[in-house]
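Work through the exercises below with the sequence and the model open. Try each task before reading its solution.

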Amino acid sequence: MKLAAIAAAALVPVLLFTTNASAAPQTVTYKLRASAAGQSSDFTLDQGVDASAPATAAPGSAVVVTIDPAPNTIPSEAGGRQVREIKGLALRLPVPANSTFTSASLSGGSGLGGTPTVALRGTDVVLSVPGPIKGGANFELPTVTITLAAGASGAITTKLGGTSYDAPGLTFTAVVTVFGFPIDAAAKGYPDPSPVLTTTTIG
């Protein structure tokens, strides 16, 4: 139990990434819950996001949305414990109402420790980064470009995924060292509040 308590106490500062200065027009705050060895810790994470889409689109036409997360840094230590790595990160982007998914692609990104992928899963476009991203390393998630087909009318509003801990939009695993042992801390969360990233009026 003592080991579990120490591991849980270390989770909070481990997962508070430092967002570097960027031109991102919005800062999104995620509510996150990390769990390890039967213990849980709640915390928040601020992430800069730059997003763009056309203001208007004709019915049935292509609408290209870009979502560009700002750079971050993984801490090398937290609470006196070594941060080994971050791995298995997944960011969910819902397909907006009044549109149909056509395709998605990635560009850019750095320091990810592995090849990121993007794919449609159910009604979400999911950016997956297997990692590992080592403790103390700088990294930047790739820009996600999503092509949609506009519906007949209304507006196409893009937002980040996630509405609760049970329906998260961001998940990953942090590996910390406690008494020389690696401890996997699974984190999941959602944006609160969840801002509108882009709006395209159909017509």
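**Exercise 1. A threonine contact**

With which side chain does the side chain of Thr198 make a polar contact?

Solution. 
- Step 1. The model is predicted, so side-chain atom pairs count only at pLDDT 80 or more.
- Step 2. The polar contact of the Thr198 side chain is with the side chain of Thr158, at 2.4 Å.
- Step 3. Thr198 lies in strand 18, which covers residues 198-202.
- Step 4. Thr158 and Thr198 are also bridge partners.
- Step 5. The open sheet here has three strands in the order 4-18-15, with mixed pairing. Strand 4 (56-57) and strand 15 each have a single partner strand, so they stand at the edges and one side of each has no neighbour in the sheet.
- Step 6. Thr198 has a relative accessibility of 8%, so it counts as buried. Beyond its neighbours within four places in sequence, Thr198 touches residues including Ala51, Ser52, Val65 and Ile156.

**Exercise 2. The aromatic pair**

Solution. 
- Step 1. A pair of aromatic rings is described by the distance of the centres and the angle of the planes.
- Step 2. The structure holds one aromatic pair. The ring centres of Tyr165 and Tyr190 are 5.3 Å apart and the planes stand at 75°, so the pair is edge-to-face. The cut-off for that class is over 60 degrees.
- Step 3. Locate the partners. Tyr165 sits in the loop between strand 15 (155-158) and strand 16 (170-178), and Tyr190 in strand 17 (residues 181-191). They are 25 residues apart, and the pair links distant parts of the chain.
- Step 4. Check burial, for which the cut-off is under 20%. Tyr165 has a relative accessible area of 16%, so it is buried. Tyr190, at 13%, is buried too.

**Exercise 3. The neighbours of strand 2**

How many bridges does strand 2 form with strand 3?

Solution. 
- Step 1. Strand 2 (residues 26-36) pairs with strand 3 (residues 39-52) over 11 bridges, in the antiparallel sense. Thr29 has Asp46 as its bridge partner in strand 3.
- Step 2. The hairpin of these strands has two residues between them, and Ala37 takes a positive phi near 50° there.
- Step 3. Strand 2 also pairs with strand 17, in the antiparallel sense over six bridges. Here Lys31 is the bridge partner of Tyr190, a member of the aromatic pair.

**Exercise 4. The nonpolar cores**

Which residues have the most contacts inside the largest nonpolar core?

Solution. 
- Step 1. The largest core has 38 residues, and Tyr30 and Leu93 have the most contacts inside it.
- Step 2. Elements that give two or more residues include strand 2, strand 3, strand 5 (62-69) and strand 11 (124-129). Strand 8 gives the most, with five residues.
- Step 3. Beyond its neighbours within four places in sequence, its contacts include Phe43, Leu45, Leu91, Leu160, Leu170 and Tyr190.
- Step 4. A second, separate core has five residues, among them Ala36, Val176, Ile183 and Ala185.
- Step 5. Now take the whole chain. Of its 203 residues, 43% count as buried. It exposes about 8800 Å², and carbon and sulfur atoms supply 54% of that area.

Key
Residues numbered from 1 in each chain as written. Predicted model: local features only at pLDDT ≥ 70, side-chain atom pairs only at ≥ 80, totals over all residues. Heavy atoms only, no water. Phe/Tyr/Trp six-rings, centres within 6.5 Å; stacked < 30°, edge-to-face > 60°. Helix = DSSP H or I, 4+ residues; strand = E, 2+ residues; numbered from the N terminus. Buried < 20%, exposed > 50% of the residue type's maximum accessible area, 1.4 Å probe, protein only. Pairing = 2+ DSSP bridges. Polar contact = N/O pair within 3.5 Å; in protein donor to acceptor, adjacent residues only side chain to side chain. Contact = heavy atoms within 4.5 Å. Core = buried A, V, L, I, M, F, W, Y, C linked by side-chain atoms within 4.5 Å. Areas by Shrake-Rupley, 256 points an atom, 1.4 Å probe, with all protein chains shown as cover.
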